[in-house]
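Here is a short tour of one protein model, written to be read with the structure open beside you.

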Amino acid sequence: NAILKEEHPVIVIENKTDYAKKILHHQAANYVYEINEDDYPVVQARPAVSVPDITVVAYGGMADVVNNLLTNIFLETDLKVELIVPSLISSLPINVIVRSVNRTGRLVVIEEGSAYAGVGAELIAQVTEATEERIKTRRIAAHPVPIPSVKSLEHTVLPDKERILEEIKLHFT
């Protein structure tokens, strides 16, 4: 509905294999899921009874990968994640992310695209400029090669569950 109300052209980037998928269909135990009222909403998943230790931003297909890892991240690192999933990346929801990062002091951006000059780089730059305290940040993105069109090779290049867990363990524990 928000796209139909736009005066200017809108580009929707969507993977054909994801047409039938519902993002964040599975909800992790002991997490509360909230969606804001923005035209292009932001979904937040946070621990139900404790304060998060780390803010993770993911969008597109990576949002589901991270959402399915929330319990594992806690079990393997003792970190409680607040997951933020924006549906619009051309005008990032910096205010939502900054509020979370001001509480956690840590920000990880996980994306399928390139780390170099990618959305995650811009997001980290904007959040760093908007926070008053020093924060610890990390980008987890595709390896620095062209994304293959062959599915088996694509899985080698994109972040997977094991790599995400290892990066978080290495840099935040």
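## Ground rules

A residue is called buried when its relative accessible area is under 20%, exposed when it is over 50%, and partly exposed in between, using a 1.4 Å probe and protein chains only. What you see is a predicted model, in which local features need pLDDT of at least 70 and side-chain atom pairs count only at pLDDT 80 or more, while totals for chains, interfaces and linings use all residues. Residues are numbered from 1 along each chain as its sequence is written, and side-chain values use heavy atoms, with hydrogens and water left out.

## The chain as a whole

Helices (H or I, at least four residues) and strands (E, at least two) are DSSP runs, numbered from the N terminus. By that count the protein chain has seven helices and six strands. Reading from the N terminus, the order is α-β-β-β-α-α-β-α-β-α-β-α-α.

The C-alpha trace spans about 40 × 40 × 30 Å along its principal axes. For the radius of gyration, taken over C-alpha atoms, the globule rule is 2.2 Å times the number of residues to the power 0.38. A compact globule of 173 residues would come out near 16 Å, and the protein chain agrees with its 16 Å. Of these 173 residues, 40% count as buried. Contact means heavy atoms within 4.5 Å; among contacts with a separation of 6 or more, 69% are between residues 24 or more positions apart.

## Surface and charge

Accessible areas come from the Shrake-Rupley method with a 1.4 Å probe, and for residues only the protein chains shown count as cover. The accessible surface of the protein chain is about 10500 Å², with 52% of it belonging to carbon and sulfur atoms.

For charges, Lys and Arg count as positive and Asp and Glu as negative, without His and the chain ends. Each charge is placed at NZ of Lys, CZ of Arg, CG of Asp or CD of Glu. The mean positions of the 17 positive and 24 negative charges lie 4 Å apart.

## Strands E3 and E4

Now zoom in on strand E3 (residues 54-58), where five of five residues are buried. Ile54, Val56 and Ala58 point one way from E3, and Thr55 and Val57 point the other way. Strand E4 (residues 81-86) is largely enclosed by the rest of the structure, because six of its six residues are buried. From E4, Val81, Leu83 and Val85 point one way, while Glu82, Ile84 and Pro86 point the other way.

Which strands do these two pair with? Two strands pair if DSSP finds at least two bridges between them. E3 and E4 run parallel, joined by four bridges; Ile54 has Val81 as its bridge partner, and Val56 stands opposite Leu83. E3 also pairs in the parallel sense with strand E5 (residues 106-114), over four bridges, and there Val108 is the bridge partner of Val56. E4 pairs with strand E2 (residues 42-47) in the antiparallel sense, again over four bridges, with Val43 opposite Val85.

## Two loop residues with positive phi

Asp78 sits in the loop between helix H3 (70-77) and E4. Its phi is near 70 degrees, a positive value in a residue other than glycine. Is Asp78 buried or exposed? Asp78 counts as exposed, because its relative accessible area is 53%.

Ala117 belongs to the loop between E5 and helix H5 (119-130). Phi of Ala117 is near 55 degrees, also positive in a residue other than glycine. Ala117 is exposed, with a relative accessibility of 65%.
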